Amino acid sequence: MVVLIMGVTGGVVVEDFYYPSVEDMEVEIVERKGLGHPDYICDGVSEAVSVALSSYYLENYGRILHHNVDKVLLVGGQSNPWFGGGVVLQPIRIIVSGRLTTEVQVESGSKIKPVPFGTIIVDATRRWIKENFRFLDPDVHVIVDYKVGRGSVDLKAIVEAETEVPLANDTSVGLSFAPLSVLERLVYEAERFINSRHFKSRLPMVGEDVKVMGLRRGSKIVLTVASAMISSLILGPGEYMAVKEQVRENLLDLATRIAPNYEVEVHVNTADIREKNIFYLTVTGTSAEHGDDGATGRGNRVNGLITPYRPMSLEATAGKNPVSHVGKIYNVVAKDIAETTYSKLSEKGVKEVYVSLLSQIGKPINEPQMINIKIKMEKNAKLTNDIKAEAEAIAKEKLEKITEYTKKITKGELQLF
């Protein structure tokens with residue numbers, strides 16, 4: 001049951017999804033790397049720098065110029081935490097890498113105007129850290145460096161060559177799905193809950209570096225949580241164990257609301273060995289302070305999760321320019337199409353929606369080579385031509401407004417990881 005419709009978007013294929021629904025599988029595994037994880041830090045810095053560059057380009061030149069800073073590397077430092085205190089011995093090093101427009105020729109033959117990219121990169125990185133960490137001081141605990149490929153642009157030439165819709169800078173695929181399974185929602189919400197202001201106000205000794213791994217086998221869910229603890233706020237092993245138990249109990253309570261029909265176990269910091277005085281203590285709230293490294297793109301996908309039991313993109317959404325880099329935009333659009341399609345058509349028996357968008361370099365981004373929408377129907381429902389037509393219409397409507405995603409991304413209004 002395949003329908004192929006050629007039109008302004010190139011091609012649309014809406015078809016049945018014949019694989020089992022993820023929640024019908026015996027085993028499901030889901031992961032989320034949280035706010036303070038070294039990989040998440042790299043994603044966060046990549047995007048913060050991209051937003052800062054975009055803002056500068058817009059303010060000074062009226063448009064977002066070429067840049068891709070999606071190759072941030074974090075090299076872990078060294079620390080010595082102890083109950084009641086601790087010290088960072090060697091700072092974390094963050095290296096921002098990629099390519100960007102470093103100078104602009106406003107008019108042909110005029111003096112080239114440099115872009116203060118170094119200052120923009122360092123300021124954006126430090127600002128992001130300050131906004132997201134309570135104990136990690138970017139001026140003391142972090143060294144920020146950059147290794148970027150430099151480029152220049154003739155702004156007049158850009159204006160003359162400007163197209164109404166940006167052209168794809170790559171041949172790439174973006175994809176996403178909807179809705180999240182119970183396990184996926186639980187894993188996502190577990191990390192967000194622990195890193196919420198409300199939770200931190202009650203248990204400030206819990207750091208930002210939180211990773212949640214979820215396993216479901218049948219109707220049983222096991223969450224394994226790695227949660228960094230702030231050494232200066234915990235006076236001894238007994239208090240540490242009590243905090244761990246409070247984290248566990250809070251997550252079990254969360255699970256009763258999200259997964260009421262499942263048996264749920266929660267394990268926190270399972271590498272601890274009390275008899276050997278081994279605990280997950282940190283001075284700053286992240287494992288990056290003690291040798292744990294990170295890189296952009298190794299963390300969560302556009303829906304905030306790592307889902308090996310689902311189709312998922314290998315593209316890093318963070319740090320890519322939000323104008324023409326389909327590795328970023330197509331993942332965001334695919335997520336929106338999938339969620340909107342499910343929301344509008346679930347009452348007609350649609351159970352799961354998978355959306356893939358394939359670009360072709362040099363072509364308008366609103367005209368992908370292929371839009372592939374795979375729909376899993378409920379057991380007694382059929383994928384009718386009417387449902388296919390509605391799904392296609394939703395996809396085309398989103399693509400017609402694709403340039404609006406750029407504005408939302410630069411304003412930080414869309415989830416990217």
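In this predicted model, the side chain of Arg 310 makes a polar contact with the side chain of Glu 184, at 2.9 Å. A polar contact with the side chain of Tyr 354, at 2.8 Å, is also made by the side chain of Arg 310. Arg 310 itself sits in the loop between β16 (294-295) and α7 (326-345). Its relative accessible area is 5%, so Arg 310 is buried, the limit being under 20%. Beyond its neighbours within four places in sequence, Arg 310 is in contact with Val 22, with Phe 177, Pro 179, Leu 180, Ser 181 and Glu 184, and with Glu 352 and Tyr 354.

Leu 65 is found in the loop between α1 and β4 (67-68). With a relative accessible area of 3%, Leu 65 falls under 20% and is therefore buried. Leu 53 is twelve residues away from Leu 65 along the chain, and the C-alpha atoms of the two are separated by 8.5 Å.

Next come the strands, starting with β13. Strand β13 (residues 220-230) is mostly covered, as eight of its eleven residues are buried. Strand β12 (residues 206-217) runs antiparallel to β13 and is joined to it by nine bridges. Within this pairing, Met 229 in β13 has Val 206 opposite it. The two strands form a hairpin with two residues between them, where Gly 218 takes a positive phi near 65°.

β13 also has parallel partners. Strand β14 (residues 263-268) runs parallel to β13, with six bridges joining the two. Here Val 264 in β14 is opposite Ile 221. Strand β15 (residues 281-282) pairs with β13 in the parallel sense as well, over two bridges.

Another hairpin is formed by β6 and β7, with two residues between the strands. Strand β6 (residues 78-82) and strand β7 (residues 85-90) run antiparallel and are joined by five bridges. Asn 80 has Val 87 in β7 as its bridge partner. Gly 84, in the turn, has a positive phi of about 95°.

What about the nonpolar interior? In soluble globular proteins, nonpolar side chains tend to be buried together. The largest nonpolar core has 71 residues, of which Ile 94, Trp 128, Ile 373 and Ile 375 touch the most other members. Helix α1 (residues 38-61) gives the most to this core, contributing eleven residues. Apart from this core lies another, of 37 residues, including Val 182, Leu 223, Tyr 240 and Leu 254.

How do α7 and helix α9 (residues 403-410) pack? Their axes are 11 Å apart and the angle is about 100°. Angles of 65 to 115 degrees count as roughly perpendicular, so that is how α7 and α9 are arranged relative to each other. On the α7 side the meeting residues are Lys 328, Ile 329, Val 332, Val 333 and Asp 336, and on the α9 side they are Tyr 405, Thr 406 and Ile 409.

Notes:
Residues are numbered from 1 along each chain as its sequence is written. This is a predicted model: local features need pLDDT of at least 70, side-chain atom pairs count only at pLDDT 80 or more; totals for chains, interfaces and linings use all residues. Side-chain values use heavy atoms; hydrogens and water are left out. Helices (H or I, at least four residues) and strands (E, at least two) are DSSP runs, numbered from the N terminus. Buried means under 20% relative accessible area, exposed over 50%, partly exposed in between (1.4 Å probe, protein chains only). A polar contact is a pair of N or O atoms within 3.5 Å; within protein, one must be able to donate a hydrogen and the other to accept it, and residues adjacent in sequence count only if both atoms are side-chain atoms. Contact means heavy atoms within 4.5 Å. Two strands pair if DSSP finds at least two bridges between them. A nonpolar core is a set of buried Ala, Val, Leu, Ile, Met, Phe, Trp, Tyr and Cys residues joined through side-chain atoms within 4.5 Å. Axes are lines fitted to C-alpha atoms, for helices over the stretch in contact, and angles run from 0 to 180 degrees between N-to-C directions. Angles under 35 degrees count as roughly parallel, over 145 as roughly antiparallel, 65 to 115 as roughly perpendicular and the rest as oblique.
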